[in-house]
Every structure is written in structure tokens, then in C-alpha cells.
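Dear colleague,

Please find below the structure that I am handing over to you. My notes on its salt bridges and on one of its helices follow it.

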Amino acid sequence: MSLRKESNLKTAAKEPMNLFGVAGLFALSLATLNPIPLLFGAVAEAVYLLFVPDSKWYGERLEAIYDKEVEERRQRLKKQVWGTLSQEVQSRFTRLENLRTQLVSPTYQGQKVYRAVLRKLDYLLEKFLLFASKQVQFHQYLLGVLGGVTPVTPGPPPAVFDDQGRPVKKKQGKVPRASYDDEWIRETVDKVRGAYQSEIDEMNKSRATVENLHNQALLDKRVEILMRRQEYVQKIGEALSNLQHQLDLMEDTFGLINDEIRARSPEQMLADIDDVVLQTDSLTEALQDVAPFDTTQVEDGAGPLYNVPGNP
């Protein structure tokens, strides 16, 4: 299994030193009007392409380059989204990264299929960050619309002094992490949709008594907008639930691979990972209809780099 769509032969042919050498010999032959440098270059190029691309040394060199690219990609993405994630999600991701590091097994080192296992784990790590970022956005959206339909009951102002007249110190506790469980999502979506439906019912009642055609049209448009908002809130709730379960699945998969690496072959592990990658890509496509991955979308080249079909 190739790590890139481009073969080692094409990659070797495009090496800067190789291109520089071929161009230099061609220029020398042209400048001296002597075909010998060009013929020598053709022979050297044939030998180079015959032996170097399939050599162990060149394969290891490409692996090192690819590993560096993967690491740089992940660090760029982390820099983008890390500050938006809760400490709990950051800890989960760090744990997965550590597991990925521990999965480098000397037993399978150098096997193409094992490298494919690591590449797809890297792909899932990148997707974990993207999904976690979307999770935060969707959660904040639901909190926002919930606040818009929930009446705020003002409470007493916080105490400044205690009973003895001493200044009250602010509590230094951790900020509670956001809840993404299905029960909270379902309750929130139901509250928002219920509030919208109440508004729709009221406007429908009002419309029956309104004689002005312009005002009737305005009420009809407002009803249409609220119905669309109901649908969108439902979609966001479903997407948020899907994201949570997908992140859990990724975590479970890393744990499974860590458990089985000593007992199963890379081919068997790859089959397990392929199923998760397929579900991950299906969720990505579904999310495009709700909220595209704009600035945090997987960069061009992810497919060839991770050997994931369907990503250019």
C-alpha cells in the first residue's frame, strides 16, 4: 500500500538534486556542443531511477519527510483550535497523541501496511481536532439560542462583605466543562423548538384577525423563518450528538489498536481502522450541510498524505 498516490519513482525523479544534475549536464552539453555530458547524464539517470526509488534508504528518507509533514500539519491545526477546546478535550487529545507515539513497534517497522496503520491514525488525530472544534461551535450555538428563548430571572447581587464585615473572596474554582451528552442536547433542542412553536402558534392566531395584506405577508414570512430555525436547531442537535459519539469511537479505536498491536497483524488492525475512517468521512460529509469546515477544513493533500480515498 502506497503512502501517496504518486509513486516513489516519480518522487525520486522530482528530487531537486536530481533535476539540478540533469539540467546541469544538459546545459553543459549545449554550451560545449558536446553530446557526451548529455549521454553520461542519461545513463546516470537510468541507473538512479532503477535502483534508488526502491532502495531501503530512499524509503526511510521518504518516511521521515512524510512524518515531518504530518507533524507540522497537526501542529498548525492545534494552534488554530487548541484555545477553544475545554481542558477535558485537550487531555483526551493529548492522551491519543501519546498512544500514537507508543504504537511505533520495532516488530513491524518498515512494513508498508504498518505505515498505513500509522498514517490513518494520524488522519484520525487530525479529524479529532476538527470535530472537537465543531463540537464547541455547535454547543455555543445551542447555548445562544437557548438564552434567546429562555426568560432571564434576575437574582440578588453577589455579596461584597460577609456577616463580620470582611470582604468576600471570589472562589477560585475550575470552570465547569461544557456538557455534550445526549440528554442535555435533547432537552435543549426541545426547549428551543417548543419556544419557536409557541411563537408560531401566536402569530397564526394573530394572522386570522389581521386585515392588512402587508402585515399578513410579514407574519407569514416570520412563521416561515421560525419553522426553518426549528429545523436547523434540530440538525445542530443531531450533529452535536454525532460528534460526541464519533470522538468516543476514535478514542476507543486508539485503545483497541494499542491493545492488539502485540497480538494482531497490521493487516487486521488496518481493517478496524478503515471502518472508523469511513464513518469519520461520512460524518464530515453530513456536517458540510450544517456548517462547512471553512478555515479548519483538512488542507489540500490530506488524502495522498494519509492514503485516505476521496480526499484530493
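Glutamate 97 is buried, at a relative accessible area of 14% (buried means under 20% relative accessible area, exposed over 50%, and partly exposed in between, with a 1.4 Å probe and protein chains only). Please note that this is a predicted model, in which local features need pLDDT of at least 70 and side-chain atom pairs count only at pLDDT 80 or more, while totals for chains, interfaces and linings use all residues. Residues are numbered from 1 along each chain as its sequence is written, and side-chain values use heavy atoms, with hydrogens and water left out.

Glutamate 97 forms a salt bridge with arginine 74, with the closest N and O atoms 3.0 Å apart (a salt bridge is a side-chain nitrogen of Lys or Arg within 4 Å of a carboxyl oxygen of Asp or Glu). Because glutamate 97 lies in helix H5 (residues 87-102) and arginine 74 in helix H4 (residues 56-81), the pair ties together parts that are 23 residues apart in sequence. Helices here are DSSP runs of H or I of at least four residues, numbered from the N terminus. Arginine 74 is also buried, with a relative accessible area of 7%. Both residues belong to a network of salt bridges that links Glu71, Arg74, Lys78, Glu97, Arg100, Arg119 and Asp122. In total, the structure holds 14 salt bridges.

A second pair also involves helix H5. The side chains of glutamate 251 and arginine 95 form a salt bridge at 2.8 Å, N to O. Glutamate 251 lies in helix H8 (residues 213-260) and arginine 95 in helix H5, so this pair ties together parts 156 residues apart in sequence. Glutamate 251 is buried at 18% relative accessibility, whereas arginine 95 is partly exposed at 43%.

An α-helix has 3.6 residues a turn, so residues three or four places apart point the same way. Glutamate 224 is partly exposed, at 35%, and so is lysine 221, at 42%.

Finally, I turn to helix H7. The buried residues of H7, among them Trp184, Ile185 and Tyr196, pack against helix H6 (112-149) and H8 (contact means heavy atoms within 4.5 Å).

Yours sincerely

Methods
Helix = DSSP H or I, 4+ residues; strand = E, 2+ residues; numbered from the N terminus.
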